[in-house]
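Have a look at the structure first, then read on.

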Amino acid sequence: MTTTTLEDKTLTQRYILSFWLPLAASWVLMATEGPFVQAAIARLPDPETHLAAFGIIVSLSITIESPVIMLLATSTALSRNRAAYLVLRRFMLWLNLAVTIVAAAVAFTPLYDWIVLGAMGVPAHIAAAARPGMGIMTLWSAAIGWRRFYQGILIRFGQTRRVGYGTIVRLFSSAGTALMLALWGKLPGASMGSCALMVGVLAEAAFVTWLVRPTMVKHLSVDSPSAKPAPPLTMRQVFGFHTPLAATSLLTLLSQPMVNAALARAAFPVLSLAAWPVAWSATFIVRSFGMAVQEVVIALIDGPQTFAPVRRFVLTIAAGTMVVLGVVAFTPLADVYLREITGISAELASFVR
């Protein structure tokens with residue numbers, strides 16, 4: 001398969017669409033993972049408790065993973081040649097080790113009780129239901145860091161379609177695991193959901209590692225003629241480039257445990273905590289179209305002449321997603337999704353609405 005670097009392309013709206021579409025499809029597929037798992041949990045015993053516990057697991061896990069999310073952006077921007085790749089890979093491995101240590105500390109030490117019972121104020125039975133899932137998710141952040149690093153290389157060299165292939169593998173793996181475990185019926189809902197997420201991200205990381213090999217050989221091998229010359233990259237430069245991105249991601253994703261902490265102290269805490277992950281996942285499906293815009297901007301904007309066409313495309317996506325979310329939120333489509341697809345109770349659906 002012939003690969004083409006981004007510098008060889010003209011930034012027409014059609015080309016930006018073709019570049020964005022596989023990334024958006026990848027985000028949409030990833031966004032459907034949560035509702036599928038939630039639908040499985042909703043059909044198991046004590047769904048409100050385990051949906052709430054699953055929300056706690058996801059909110060803490062994505063906060064822990066926040067420093068590695070932007071490895072995609074760092075890899076896309078800096079993977080110019082093999083020497084840069086080797087420095088970036090070393091940085092990725094150290095960062096993955098750090099977030100794994102944090103995840104293990106939260107899951108297996110008294111830090112969990114201090115955060116979930118103390119700082120967040122989650123009811124004790126929900127905190128107890130969530131703790132096994134946190135242990136299952138220990139390697140989740142590292143797996144995400146690994147696959148986003150290699151996805152960045154694919155994007156750097158115009159292979160956005162292959163990113164989507166990896167997400168298809170993830171969705172089928174997590175959905176299949178959720179379905180099998182739900183039919184088996186021996187695991188609590190929150191633990192079942194954690195297993196599904198963990199299997200999905202491990203499968204995607206392994207598949208992306210295999211998919212990226214031809215691109216690595218062509219563009220990042222020792223003798224690659226297509227690798228662009230660049231000044232030597234140091235760990236200090238990578239750290240300086242990545243830290244503001246990681247801090248932005250962390251500050252954004254801290255809202256998840258903060259919202260859960262607020263809901264735990266509000267009226268109807270169990271129903272509110274159960275409704276929140278369902279509502280967040282539903283809006284995330286629509287927002288996922290915009291999430292792919294970040295990679296488009298990083299990869300395609302290269303000077304003033306490229307700014308206007310990318311900006312025009314971004315505004316189109318922004319307007320379109322606002323319309324779609326409005327139609328879903330203010331029409332009977334919301335009830336169809338919540339009652340028929342997600343399978344939650346009428347009382348819980350009213351909280352989601």
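## Leucine 233 and its neighbours

Leaving out residues up to four places away in sequence, leucine 233 touches Leu78, Ala84, Val87, Leu88 and Val238. Keep in mind that this is a predicted model. You'll find leucine 233 in the loop between α10 (213-219) and α11 (235-253).

Is leucine 233 buried or exposed? Its relative accessible area is 17%, and with the cut-off for buried at under 20%, leucine 233 is therefore buried.

## The main nonpolar core

How many residues does the largest nonpolar core have? The count is 102, and the residues with the most contacts inside this core are Ile56, Tyr150, Ile153 and Ile344. The top contributor is helix α1 (residues 13-42), which gives 13 residues to the core. As background, nonpolar side chains in soluble globular proteins tend to be buried together.

Let's zoom in on isoleucine 56. Setting aside neighbours within four places in sequence, isoleucine 56 is in contact with Val116, Met120, Val122, Ile126, Ala130, Asn260 and Leu273.

## How α6 meets α9

Helix α6 (residues 124-136) packs against helix α9 (residues 189-211) at an angle of about 15 degrees, and their axes are 8 Å apart. Angles under 35 degrees count as roughly parallel, so that's the label for α6 and α9. The crossing of α6 past α9 is right-handed.

Who's doing the touching? On the α6 side it's Ala129, Pro132, Gly133 and Ile136, while α9 brings Ala190, Ser191, Ser194, Cys195 and Met198. Sorted by class, this contact of α6 with α9 has six nonpolar residues, three polar ones and no charged ones.

## Two residues with positive phi

Most residues other than glycine have a negative phi, which makes the next pair worth a look. Aspartate 46 isn't a glycine, yet it has a positive phi of about 50 degrees. Aspartate 46 sits in the loop between α1 and α2 (47-69). Its relative accessibility is 43%, so aspartate 46 counts as partly exposed.

Phenylalanine 268 also has a positive phi of about 50 degrees without being a glycine. Where is phenylalanine 268? Look in the loop between α12 (255-264) and α13 (269-300). At 56% relative accessibility, phenylalanine 268 counts as exposed, because the cut-off for exposed is over 50%.

Definitions and conventions. Residues numbered from 1 in each chain as written. Predicted model: local features only at pLDDT ≥ 70, side-chain atom pairs only at ≥ 80, totals over all residues. Heavy atoms only, no water. Core = buried A, V, L, I, M, F, W, Y, C linked by side-chain atoms within 4.5 Å. Buried < 20%, exposed > 50% of the residue type's maximum accessible area, 1.4 Å probe, protein only. Helix = DSSP H or I, 4+ residues; strand = E, 2+ residues; numbered from the N terminus. Contact = heavy atoms within 4.5 Å. Axes fitted to C-alpha atoms, helices over the stretch in contact; angles between N-to-C directions. Parallel < 35°, antiparallel > 145°, perpendicular 65-115°, else oblique. Left-handed = near helix turned anticlockwise from the far one by under 90°. Nonpolar A, V, L, I, M, F, W, Y, C, P; charged D, E, K, R; others polar.
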